[in-house]
Amino acid sequence: MKIRIAVLFLAILPFCGAAVASESVDEAAARPNILWLTCEDTGPHLGCYGDAYSHTPNLDALAQRGTIYLHAWSTAPVCAPARTAIITGMYPSSTGAEHMRSWVPFPQRFSFYPQILRGAGYYCTNNSKEDYNLINNGRVWDESSGKAHWKNRPAGKPFFAIFNFTITHESRIRDRPHDLIHDPNKVRLPAYHPDTPEVRRDWAQYYDRITQMDAMAGEKLREVEEAGLADETIVFFYGDHGSGMPRSKRCLYNSGLQVPLIVYIPPKFRHLAAPDYQPGGKTERLAAFVDLAPTVLSLAGIRPPDWMEGHAFLGPYAAEPQPFLFGLRGRMDERYDLLRSVTDGRYVYIRNYIPYLPLGQHVAYMFQTPTTKIWKELYDAGRLTEQQAYFWQRPRAPEELYDLRSDPDEVNNLAGRPEYREVQARLEKALRDHILATRDLGFLPESELHSRAGTGTPYDYGRGRTYPLPRILQAAEKASSLNPADLPDLISFLDDDDAAVRSWAALGLLTQGEDAVKSAREKLAARLSDDSPAVRIAAAWALGRFGNDEQREQALQTLAPLIPYENNGPYVAMMALTVVDDLGPLAADLRDIVEKNGHPEVAPIHNRFKDGIPRLAEHFLQLVSP
């Protein structure tokens with residue numbers, strides 16, 4: 001009987017792309033339950049991480065029994081791409097799903113990790129946020145809702161269960177009324193934030209929400225204990241990215257990517273632990289969100305499939321510790337940008353590929369936080385320190401390097417300093433190698449990403465011979481260098497066969513400023529009629545900002561027909577509106593067409609990011625209002 005069941009167990013696995021060693025009924029029953037307690041917008045601001053201002057008794061107690069990961073990074077500093085990395089074990093830049101609340105097809109031959117677990121006999125529940133940027137290939141969860149619970153599983157089945165606490169979300173930092181628990185006068189402010197009552201209150205309320213979340217986590221842990229399952233259940237706790245405060249969320253600093261990660265493995269399953277796991281201990285091992293899916297599969301006795309890009313850090317299929325963690329940012333809400341970052345646990349290296357834009361672009365949702373508003377007001381009034389003002393300035397540095405040991409707030413940029421040349425070169429090479437190895441699709445304009453994939457998937461396009469990533473990456477590096485020596489190459493790139501290269505060339509000229517645009521005005525003007533809308537938009541941006549009167553008028557005439565969603569789709573429309581909004585009063589002649597097309601009725605497939613166009617339009621209309 002045991003043999004028959006083992007054969008049946010193996011027979012159901014091929015569809016999910018993973019294999020499990022043959023096991024008896026007794027061995028199957030010995031598989032661990034796995035509980036993930038997750039929260040939103042929370043950095044490692046817990047008592048067990050040494051934060052004396054924080055009050056987190058339940059999570060501190062869990063840490064006393066388990067192990068704290070000191071260097072755990074989300075893959076992205078905002079929820080949707082971060083969750084996309086978790087559910088796949090792949091980098092969103094590899095699948096084309098890095099942009100906030102995009103909706104991208106996933107190769108049919110791949111599966112989300114809960115599908116693999118379910119195929120192996122686990123009962124899988126998610127309570128309750130999904131928010132993936134990839135289209136599901138079939139049923140993912142046994143149940144995913146506010147009622148999902150491991151208690152509902154069939155008898156004898158091991159469970160995998162997620163409970164996600166939203167009380168710590170960015171929106172809950174600023175909701176009022178709220179009776180403060182933490183004293184705002186005692187909070188430690190990071191060096192990049194101004195010291196004002198508004199900022200102190202937001203930080204204090206952030207800590208209040210963490211305390212409330214801690215109580216919720218304690219309640220879920222008690223449920224497991226009261227059911228007599230504590231000795232059968234491996235527990236993870238982590239946040240989905242750094243804090244929801246501005247310059248953490250949406251930014252590739254350690255403050256935006258580092259999360260708390262606590263893992264508890266009961267004695268019965270201690271054989272599944274890695275050598276660095278110590279009850280009540282801490283580990284320096286680097287852990288990334290792309291590692292979570294292969295790790296949970298490994299704990300369940302399943303060999304992670306080869307297409308997963310993460311590495312298991314627990315279980316029989318644990319890999320060797322990795323030397324680096326990587327972060328990414330593309331479009332977040334209505335604002336486009338492109339950044340990549342890497343850390344070795346001590347140093348953080350950031351590459352800004354569109355340094356023309358400030359970090360503090362006007363994201364409507366972020367500007368609802370009082371800290372954001374007062375911070376920008378003080379910048380406009382010239383009342384900030386250099387470290388506090390950097391968030392709002394343009395152009396920003398193409399490269400940033402920070403030593404977390406001496407500068408945990410990441411405000412002293414070491415990039416370019418001779419004494420850090422070797423550190424910078426090592427991290428820069430690691431990042432470039434990673435971009436090429438993962439076939440990073442973020443270097444394509446979002447409209448090009450989808451048009452090139454056609455009826456296939458961006459992932460498969462990225463691994464085809466027609467994606468010239470090394471050439472595109474070279475163009476992006478030169479476009480963002482701010483080095484006048486790269487100007488001749490940028491001008492020549494305007495004639496490249498690839499539209500992405502031509503787009504980067506125009507952006508590079510814009511970034512280098514008026515003299516650079518003046519030296520290439522005729523070539524830029526020719527690109528106003530380019531076959532690619534992305535190239536037309538980039539050329540119009542450069543000429544709209546730095547062209548003569550005639551060329552500026554031509555640029556606006558180029559942008560106008562690209563604004564309507566109905567004719568262009570969301571990606572072209574949002575990028576065109578991004579440029580119009582950045583031009584501000586220089587594009588005032590487009591006021592009527594923006595107003596007319598600012599609130600389109602989008603197709604269901606675009607519903608996840610339907611607010612982008614209205615938010616851009618509303619901000620531009622405020623800038624040019626009579």
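Biologist: Which element gives the largest share of the lining of the largest pocket?

Modeller: On a 1 Å grid over the protein atoms alone, a pocket is an open set of points with protein on both sides within 12 Å along at least five of seven lines, and a lining residue has an atom within 4 Å of a point. Elements are DSSP runs numbered from the N terminus, namely helices (H or I, at least four residues) and strands (E, at least two). In this structure strand 3 makes the largest contribution to the lining of the largest pocket, with 3 residues. Please keep in mind that this is a predicted model, in which local features need pLDDT of at least 70 and side-chain atom pairs count only at pLDDT 80 or more, while totals for chains, interfaces and linings use all residues. Residues are numbered from 1 along each chain as its sequence is written, and side-chain values use heavy atoms, with hydrogens and water left out.

Biologist: How many residues line the largest pocket, and which lie nearest its centre?

Modeller: A volume is the space filled by probe spheres set on the grid points, which are joined across faces, edges and corners, and for the largest pocket that space is about 830 Å³. Its lining has 30 residues, and Pro44, His45, Asn254, Gln258 and Pro408 are the ones nearest the centre. Two or more lining residues come from each of strand 3 (67–73), helix 8 (197–226) and helix 9 (254–257). By class (nonpolar: Ala, Val, Leu, Ile, Met, Phe, Trp, Tyr, Cys and Pro; charged: Asp, Glu, Lys and Arg; polar: the others, Gly among them), the lining of the largest pocket has 13 nonpolar, 12 polar and 5 charged residues.

Biologist: What is the volume of the second largest pocket, if I read it in the same way?

Modeller: The second largest pocket holds about 450 Å³, and among its 20 lining residues Pro358, Gly360, His362, Arg394 and His619 are closest to the centre. Helix 11 (370–380), helix 23 (565–583) and helix 25 (612–623) each give at least two residues to this lining, and helix 23 gives the most, with 4.

Biologist: How many cavities of 30 Å³ or more are there?

Modeller: A cavity is a set of grid points where a 1.4 Å probe fits but cannot get out, and the count here is 7 cavities of 30 Å³ or more. The largest cavity has about 370 Å³ of space, and its lining of 27 residues includes Tyr336, Pro445, Glu446, Leu507 and Met575 nearest the centre. Helix 14 (446–453), helix 18 (499–512), helix 21 (533–546) and helix 23 each give two or more residues to that lining, the largest share being the 5 from helix 21. The lining of the largest cavity divides into 18 nonpolar, 6 polar and 3 charged residues.

Biologist: At what angle do helix 13 and helix 16 pack?

Modeller: Two packed helices are described by the angle between their axes and the distance between the axes. Axes are lines fitted to C-alpha atoms, for helices over the stretch in contact, and angles run from 0 to 180 degrees between N-to-C directions. Helix 13 (residues 421–437) and helix 16 (residues 469–479) pack at about 140 degrees, with axes 10 Å apart. Helix 13 is therefore oblique to helix 16, where oblique is what remains once angles under 35 degrees (roughly parallel), over 145 (roughly antiparallel) and 65 to 115 (roughly perpendicular) are set aside. In contact (heavy atoms within 4.5 Å), Arg432, Ile435 and Leu436 of helix 13 meet Leu469, Pro470, Leu473, Gln474 and Glu477 of helix 16.
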